[in-house]
Amino acid sequence: MENWQGAHGALTRKTILKGGGIMAKISIRNLTKRYGDMTALNNVSLEIDNGEFLVLLGPSGCGKTTLLRCLAGLETPDNGEIIIGDEVIFSSKEKIMLPPGKRNLGMVFQSYALWPHMTVRDNVKFGLDVIKTPKEASDRQLDEVLAKLGMGDLSERYPSELSGGQQQRVALARLLATKPPVFLMDEPLSNLDARLRMDMRVELKRFQSDAGATTVYVTHDQTEAMTMSTRVVVMKNGEIQQVSPPAELYKQPQNTFVADFIGMPRINLIEMQGDGQIFSNGDITIDFGWKPGIKNVVLGARPEDLKISSNPKAHGETYRVMAILPNGPETIVQLQRGKTVIIGRIGHDIIFEKNQEVKVTYTQTSLNVYDADTQNLISPINNI
Amino acid sequence: MRDPVSIVMLILLAVLAYLVIWPFFQLVINTFTWSEGSRRISREAVPGQFTWFYWLQVTAGPISGKMLYGPLINTLITGIISTILALIAGGSLAWCIVRSDMPGKRWLQPILTLPYILPSFAVALAWETVFRSPKVGGQPGLYEAILGIAPPEWLSYGVVPISITLAIHYFPFAYLLVAGALATIDSQMEESALISGAGKLTILRRITFPVVAPAFVAAIILTFGKTIGQFALPFLLGAPTQFHTVATMIYANLALGLDSMAYVLAVILIAMSLLSIWLSNRFIKKKSGRFETISGKGFRSREIALGNWRWFIFSVVSLFGFVVGILPIILLGVQSVMLIDGFYGLENLTSHFWIGKSNLNIAGGEPGVIYNKIILGATWNTLKLAFLSAVFASVIGIIIAYIAVRRANNPLAVLLDQIAFIPFLFPTIAFGAMYLTLFAVPVGPIPALYGTFTLLVLISVVSRLPYSVKTGITAVTQIGQELEEAAEVAGASWGRRFRKIIMPLASSGIMSGMMVSFVGVMRELSLIILLITPATRVLMTAGFGYAEEGLTQLTNALVLIVALLTISGELILWKIGKGRMARLREKQS
Ligand SMILES: Nc1ncnc2c1ncn2[C@@H]1O[C@H](COP(=O)(O)OP(=O)(O)OP(=O)(O)O)[C@@H](O)[C@H]1O
Ligand SMILES: [Mg+2]
């Protein structure tokens, strides 16, 4: 690592401030990062389009933060390369490792990382000072950013004198001030209360699209991922499981892990056996309407894919209502048939009784079928 | 990748290796090498050649009893007795202050730490003032003046006074360690035992004591380790009757020109210190992990009601605090205004030793403090030395701390942290001996620093590093890594980050650390006594010099000045809000 190259012909941020709008497409190729024996990132490859809002989602410890920090240059990966725009900022082969400050990116940390000994204004100004912005331009820029975030009146306060939401805004102002073409954010809203979080989502999204910055955003929160992103990356144990726009991610999870991880309440995953297109697990039997071509499958049925009727004459198999959990606009019901327990979702205006018997059918077209061996999705299109 | 932190780290490693590790080897090598001056003790001497002579002489020669075994036994006896006394006093006081509802804690606490803040020398001087005996020379002390009979010699010099004064100087140290452990006890632990039907004694025996036991044992060993390195105190109360400890023997040997013998003793003293610290670490590691109190949400510390004993215990503790903390200072003051030493009467009072001009009839013509060139020079030197050492120690300390915290997975950074801690393991007088051997002659580009002020600054800085690195680590750890990374992403260089983020945020910690070092260096004697020359005299060594000449009043005046300076320093620290307690506890953890 001794001979790692520093910046060579890097676009300085100054030129970006003047010119604006450079392309910042990000390519991550075969990135691997180990901590001792632990592989935090395993051969991760990803293309991120200019201006995209990409969300990294996954269970705790799956490597989201690690990937973000590798992008920022705060960690040195063991293998692979990263390209931003048309500049290689990291390459293990060519021994290139651009330091964080030369990568033209801004970052919001989970803790906000506001400098407690500097006023709001100085916090925001720091980045401009580092790139030696002339005083006038710097002042103008500062006023503009602070006004935009509604922090104009609070600019002489210290971080400890601000509320959580206001601190969040300072972190955002710091990000916006130098107009970097790439935004990196690590759970920036996780310290806010639920209400504020919702408001900030909208605002954050607006600033991002105004700036046109390519954004990589880490979160734990599915709703956040679904509502803000152009695409979502689901990770597990340092590997990418699926990269899809949010709607597709929900409708067509590529494997049972993603299916199980996305959606509240959880998807019903039922192991079934069968031939042709009719499958059963002994308790329940379903006609898929197409032939998966294998004997052992896992059925993925979202709670809303169940059609539940209290009319004893209705079509379908009979289940018993085990539990009823009202949740605002909807009600979650737990149903049992034989030893199989499944979760269904009904409108809040439908009233069931405990132990009542109901009829259930499944929306054939919404069901996903997974290979029980590989746990991967079997697409009907290839199998009809 | 040109990483400025790595460069700084490598430079520091090299410098510290030279200033910490190499002197130790130099000292050891010296004990195995014929010295220039040895021709007069042995005909076989070939200067520069390897020899077992010194080790054999010290451990098995005809003088070995007087040279090593006698002093060794004295060291062990005074060390053990004073440790036991210090632990009894410190332990019970800690319990009274932390766990009982004794009144007046707020102001008793600082008074009880006074003996540790004062130079150890001060308590010894005060003792002498009271129990001095004309039999060994000098004037009678207060005891004889009041009672009319001479105190028995065992009360004036030797084991008893040395053990007691050592205990007085070190009990606050034990007190702080035990108090720290007691403070972690959640009363709910005791209360739940109470509910299950255990009696008060059972609780003390089965719950409270086992929890503080590790701290207690650590306190025993650390206190013992500190007492054996003490030089000034046993010298003052032992040397007049030829009572020597290993530490005073080192000094005596050097004074006689038996340098190599002194070095052998220094190595032995270091070995003793290493052994005791190793034992304490082993014990702490083994026990404290398991006994770590798990403090849940509802941590409460309930004070135990003393009932009718409340005021009685308060009076006992207050009296004790007065005798060990305040009386010595008063005695120093009284002693410094007496015209003829040992004659107690109003007509004998004089301000001569403070503001008198030179008078050949008094004290051999030595003028009072404010006209005394030696004292004024020493005062200036003291302040200069304390200031420079404190500044350098803190700045280097924070840099090492930064490297140790932020590069924790780099083995070189860990090594740096460990090397910076090593001076803590050397008894100060032995550390002084090391520098004596290392800097007596020029080596390569490094001049012979012996006799220069620079050398004093150097050894003071290095000896303060274990503490200033600890303070620095506390300060740096509190600065979240993300604060720095945010600046890094913004493109700030390491230098800028260190200046703009780390330094300002760590500054209050560094400032109080600096003050601690300032006070510590000011009252230091054993460390520099071997390296001082007339030109580089400081207050403590000047005081020691006057004591050797028998000019008691001036010694007392000087030590009083140092005492007042250190107390003011402590008061400033107290004001800053970090009392001695909190800091010492921090150092020990
Ligand atoms: N400095 C480090 N040293 C050793 N292991 C690390 C280090 N940083 C992260 N790891 C490990 O790498 C894995 C991925 O960590 P990472 O912080 O990227 O997870 P994450 O997906 O951000 O989790 P979370 O959602 O909890 O923040 C974890 O198992 C973690 O323990
Ligand atoms: Mg994380």
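Tutor: The lining of the largest cavity has 24 nonpolar, 12 polar and 7 charged residues (Ala, Val, Leu, Ile, Met, Phe, Trp, Tyr, Cys and Pro count as nonpolar, Asp, Glu, Lys and Arg as charged, the others, Gly among them, as polar). This is a predicted model, and totals for linings use all residues. Residues are numbered from 1 along each chain, and chains are lettered from A in the order in which they are written.

A cavity is a set of points on a 1 Å grid where a 1.4 Å probe fits but cannot get out, and lining residues have an atom within 4 Å of a point. The volume, the space filled by probe spheres set on the points, is about 820 Å³ for the largest cavity. Of its 43 lining residues, Y170(B), K226(B), T428(B), Y467(B) and E524(B) are closest to the centre. Among the elements of chain B that give two or more residues to this lining are α8 (159–183), α10 (200–227), α18 (428–439), α19 (453–477) and α24 (580–588); these helices are DSSP runs (H or I, at least four residues). The largest cavity lies between domain 1 (1–51 + 372–589) and domain 2 (56–293 + 307–335) of chain B, because both give residues to its lining.

Definitions and conventions. This is a predicted model: local features need pLDDT of at least 70, side-chain atom pairs count only at pLDDT 80 or more; totals for chains, interfaces and linings use all residues. Side-chain values use heavy atoms; hydrogens and water are left out. On a 1 Å grid over the protein atoms alone, a cavity is a set of points where a 1.4 Å probe fits but cannot get out, and a pocket is an open set with protein on both sides within 12 Å along at least five of seven lines; lining residues have an atom within 4 Å of a point. Domain bounds come from an automatic or database domain assignment.
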